[in-house]
Amino acid sequence: MSRPGSRTAERISIAVLCALLGFAVVVQVQQTNSGDALASARPDDLVQILDGLQRREDELTAEIGELQDTLRGLQAGGADSAAALAEAERQERVLGILTGTLPADGPGVRIVIDDPSGGVPPEVLLAALEELRNAGAEAYQFGDVRIGVDSAFTGTAGAIVLDGTPLTAPYTVLAIGDPPTLAAALAIPGGVLDTVRRAGGSMTTEQLDDVTIAALRPPRTLQYARPTGG
């Protein structure tokens with residue numbers, strides 16, 4: 001007969017796994033829906049991007065399989081309390097990075113968008129975020145603001161606000177992911193780089209072996225949604 005602590009740990013594990021599994025599936029679906037800008041990409045850029053996306057898809061598919069196996073094992077009641085709690089803590093750390101409540105580091109890019117004339121609108125920064133996400137980036141920071149699932153760019157050109165925090169040019173963006181893939185996605189003809197130039201700005205992208213994203217988002221308490229399957 002399972003002890004109360006064991007049942008609690010299993011329920012925590014199952015709830016976290018369900019949330020992470022759903023998040024991973026959404027990310028995978030988003031990454032299969034590339035923007036129309038790809039139609040104008042150079043062949044070399046497309047090859048680079050497709051290679052990166054294929055690697056990321058393979059990683060996500062493997063991750064989803066592992067999560068499903070772990071979830072089935074926990075639901076079958078085969079895990080003891082220590083193993084269930086350890087798995088819950090591991091998944092919580094992964095989910096914390098994806099939602100922006102934990103710091104993260106890894107390979108990635110550092111992007112600087114300068115806007116001396118104040119002509120770059122918030123839509124351009126949103127486009128940069130979407131291109132990075134489509135290219136497989138896993139964590140982002142614009143200025144001092146960590147990007148989360150509910151982040152929003154507002155304001156006007158030269159007075160951009162992100163999640164209530166004013167951003168000041170030059171805008172510095174950090175993203176963790178495959179550096180060549182992220183850099184190629186931003187340089188697609190007709191994409192982010194060209195849009196920045198048309199607005200009177202400039203953009204540089206530096207590929208790095210180690211990017212540290214230290215900004216955090218406060219944990220969010222859900223009012224209505226609850227995990228299922230627990």
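This is a predicted model: local features need pLDDT of at least 70, side-chain atom pairs count only at pLDDT 80 or more; totals for chains, interfaces and linings use all residues.
Let's start with a pair of helices: the axes of H4 (residues 122–134) and H5 (residues 179–186) come within 9 Å and cross at roughly 140 degrees. As for the hand of the crossing, H4 passes H5 in a right-handed way.

Now zoom in on the side of each helix that does the touching. H4 brings Ala-128, Glu-131 and Leu-132, and on the H5 side they meet Leu-182, Ala-185 and Leu-186. Sort those residues by class and you get five nonpolar, no polar and one charged.

Next, the charged pairs. Side chains of opposite charge can pair when their charged atoms come close. How many salt bridges does a search of the whole structure find? It turns up two.

Take Asp-150 to begin with. Its salt bridge is with Arg-217, and the closest N and O atoms are 2.9 Å apart. Asp-150 sits in the loop between strand S3 (145–146) and strand S4 (153–156), while Arg-217 belongs to the segment after strand S8 (202–213), so the bridge ties together parts of the chain that are 67 residues apart in sequence. Are the two partners buried or exposed? Asp-150 is partly exposed, with a relative accessible area of 39%, whereas Arg-217 is buried at 16%, because the cut-off for buried is under 20%.

Then there's Asp-163, which also forms a salt bridge with Arg-217, here with the closest N and O atoms 2.8 Å apart. This pair links distant parts of the chain too: Asp-163 is in the loop between strand S5 (159–162) and strand S6 (165–166), 54 residues from Arg-217 in the segment after S8. Asp-163 has 29% relative accessibility, so it counts as partly exposed.

Finally, step back to the whole chain. It has six helices and eight strands, and reading along the sequence gives the pattern α-α-α-β-α-β-β-β-β-β-β-α-α-β. Of the 230 residues, 39% are buried, and Arg-217 is one of the buried residues. Among contacts in the chain with a separation of 6 or more, 81% are between residues 24 or more positions apart.

Methods: Residues are numbered from 1 along each chain as its sequence is written. Side-chain values use heavy atoms; hydrogens and water are left out. Axes are lines fitted to C-alpha atoms, for helices over the stretch in contact, and angles run from 0 to 180 degrees between N-to-C directions. Helices (H or I, at least four residues) and strands (E, at least two) are DSSP runs, numbered from the N terminus. A crossing is left-handed if the near helix is turned anticlockwise from the far one by less than a right angle, and right-handed if clockwise. Contact means heavy atoms within 4.5 Å. Ala, Val, Leu, Ile, Met, Phe, Trp, Tyr, Cys and Pro count as nonpolar, Asp, Glu, Lys and Arg as charged, and the others, Gly among them, as polar. A salt bridge is a side-chain nitrogen of Lys or Arg within 4 Å of a carboxyl oxygen of Asp or Glu. Buried means under 20% relative accessible area, exposed over 50%, partly exposed in between (1.4 Å probe, protein chains only).
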